[in-house]
Amino acid sequence: MFSAIGCKVMGASHTILMFDSGFRSIINYYASMVTATSDILDARLPAAESMPAPKREYPGALVVVEGIDGSGKSTQLYLLKRWLEIGGYRIHFTEWNSSPLVKSATRRGKQRRLLTPTTFSLLHAADFADRCERQILPLLQGGYLVLADRYIYTAFARDAARGCSPHWLRNLYSFAPVPDITFYFRAPLDVAVNRIVAGRPKLKYYEAGMDLGISLDRTESFRIFQERILNNYDQMVETDHFVLMDGTLRVNKLQKQMRQIVGERVELAQFAPQKPKKQ
Amino acid sequence: MKRTKKMGDSAASPNGGPQKRSKNGRNGKNEREQAPARFYGTPLPGVHPEELSGSLVVVEGTDGSGRSTQISLLTEWLESEGFAVETMGLRRSFLVGEDIDALLAENSVTRMTLALMYGTDFFDQVERRILPALRSGLIVLADRYIFTLIARAAVRGIGRDYLHGIYELALRPDLTFWLNVRPEVAFDREFKKSQTISYWESGRDMSLSNDLFQSFIRYQSMIKREFEYLSKRHGFIELKGEGSVSEVNRELRKRIASHLGIRRTQYKPSHALAHLWR
């Protein structure tokens, strides 16, 4: 039942679009991300249209954590956030799947098990779009350090594990700004799965990937689903410049590493509290 | 009728060899001419295009083009001819239809979020109602389709390539009608119907003009331009939506009849629908 259809990558002509030169840089950016190939795409479009562009021309910075459930990513991002908060830095924290506008739809879809791989993916993309347009992008433009617990790579790994086409997913999220750092917390499958299973009374239906019909046993289904996601994450380490973190290390040791990397890669001084000017 | 002959990249026969198109012996269809692929690009996960024996007929057009009236009449006509009909439209999914209504009612929603909610609404209807209907050989009448969704998002600055990328999972219609009316005519009809002009149909989120009439005309003209482009691209059958209901309906019936192989295209609306016939 889990067929290869969704994973089929179509080999066809790369689309060249006729745009005004002013938009060319954006288009080039997309051309590199979007390998759309359907025959309705090879059009010479009549006028220039830009995407809500993920330009890197903003003073803010974006740090995200990724990894399967139980990899320790949320704990680590929380500690990073506390460190920056206590230091008085200008930060904003955002979580996957938390937009108030889209929440009721997602909840209903999950409770009543109405979601297919495609609608599951689109609904999460709508949630992300809402946070992106109303929080992440304005805050990056306003010079904030934005911390995101899960980002578009969660969708790439998880929705592809559900059978969505990887190139379709890349296009879907192509409006997202590219993170300055993507921490990928990697823990062995057993370690991660045991952390989750031990701490939770019952795994939720979609969380366990029950919609895929892999196994009637929730824990078993969860395990196989997480394994697929883990494999998908692993494939993005190179292509998406993940910073690999060993999720089996002690919490404080890992946090020390994380803070060090953030300090090296992000100009923290620009988010530091402004000292009041002497009069 | 002119149809795009171009094949999709993925589906259908790879080598043009003698292909059996199963369950497709419906009269009226030219068996030797290869039908275009049922999907624009990659089919939806888990769908086998060859199972879909029904037909998908799309009617596009702005509010005030007479679209919904024509859909009601066509449904009755097709049912009287013995065809089972399923309909789809915007914001009619069980999953998010009402959520979009709620989003439209407040003004905090942004263009990408709205575009993707409409996408969710579209694919929920396709996967839960339309594909099962097409598998069972029904005629699906779509009261608007991806083209409206693409046009609306494109005039708000979302890239057309991006939008086409999302909707490449959609089914390619067998027939797409575009009821083309001038924005001024649409304005008159809409105003007559509801005594006001809707916030979204006049594109007021786009700050085009403080004058509601101007805003409506400018917005609808932008949408129309997108449609002119989409029409060429996808081989729409353009009908003059400003004609009388019965004239437009006759033209629609003629085209659909020829596609389905119905000989008799005579039709007179029942008492229940007689008020639409003007």
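Predicted model: local features only at pLDDT ≥ 70, side-chain atom pairs only at ≥ 80, totals over all residues.
B:Gln195 sits in the loop between helix 6 (183–194) and helix 7 (212–234) of chain B, and its phi is positive, about 60°, although the residue is not a glycine. For context, most residues other than glycine have a negative phi.

You'll find B:Arg91 in the loop between strand 2 and helix 2 (97–105) of chain B. With 18 C-beta neighbours inside 10 Å, though, B:Arg91 counts as partly exposed.

Now step back to the whole of chain B. It has eight helices and five strands, and from the N terminus on they come as β-α-β-α-α-β-α-α-β-α-α-β-α. Of its 278 residues, 46% count as buried. Look at contacts between residues at least 6 apart in sequence, and 79% of them join residues at least 24 apart.

The five strands come together in an open sheet with the order 2-3-1-4-5 and parallel pairing. Strand 2 (85–89) and strand 5 (237–240) are the edges, each pairing on one side only. On average, neighbouring strands are turned by 20° against each other, direction ignored. Zoom in on strand 1 (residues 55–60) and strand 3 (residues 139–143) of chain B: they run parallel and are joined by five bridges. Here B:Val57 stands opposite B:Leu141 of strand 3.

What packs on this sheet? Helix 3 of chain B does, touching strand 1, strand 2 and strand 3, with its direction at about 155° to that of strand 2. Helix 1 (residues 67–80) of chain B lies across strand 1, strand 2, strand 3 and strand 4 (175–180), running at about 170° to strand 3.

Helix 3 of chain B also has a helical partner. Its axis and that of helix 4 (residues 146–155) of chain B are 10 Å apart, and the two helices pack at an angle of about 175°. Angles over 145 degrees count as roughly antiparallel, so helix 3 and helix 4 of chain B are roughly antiparallel to each other. From helix 3, B:Arg111, B:Ala115, B:Tyr118 and B:Phe122 meet B:Ile146, B:Leu149 and B:Ala153 of helix 4. By class, that contact has six nonpolar, no polar and one charged residues.

All this leads to the interior. In soluble globular proteins, nonpolar side chains tend to be buried together. The largest nonpolar core in this model has 136 residues, and those with the most contacts inside it include A:Ala125, B:Val57, B:Val140 and B:Phe177. Helix 3 (residues 111–135) of chain B gives the most to this core, with 13 residues.

Finally, a quick visit to chain A. A:Glu95 is found in strand 2 (residues 91–95) of that chain. With 13 other C-beta atoms within 10 Å, A:Glu95 is partly exposed. A:Glu95 and A:Tyr151 are 56 residues apart in sequence, and their C-alpha atoms are 8.3 Å apart in space.

Note on methods. Residues numbered from 1 in each chain as written. Chains lettered and ligands numbered in written order. Core = buried A, V, L, I, M, F, W, Y, C linked by C-beta atoms within 7 Å. Buried ≥ 20, exposed ≤ 12 C-beta atoms within 10 Å, placed from the backbone. Helix = DSSP H or I, 4+ residues; strand = E, 2+ residues; numbered from the N terminus. Pairing = 2+ DSSP bridges. Axes fitted to C-alpha atoms, helices over the stretch in contact; angles between N-to-C directions. Contact = placed C-beta atoms within 7 Å. Parallel < 35°, antiparallel > 145°, perpendicular 65-115°, else oblique. Nonpolar A, V, L, I, M, F, W, Y, C, P; charged D, E, K, R; others polar.
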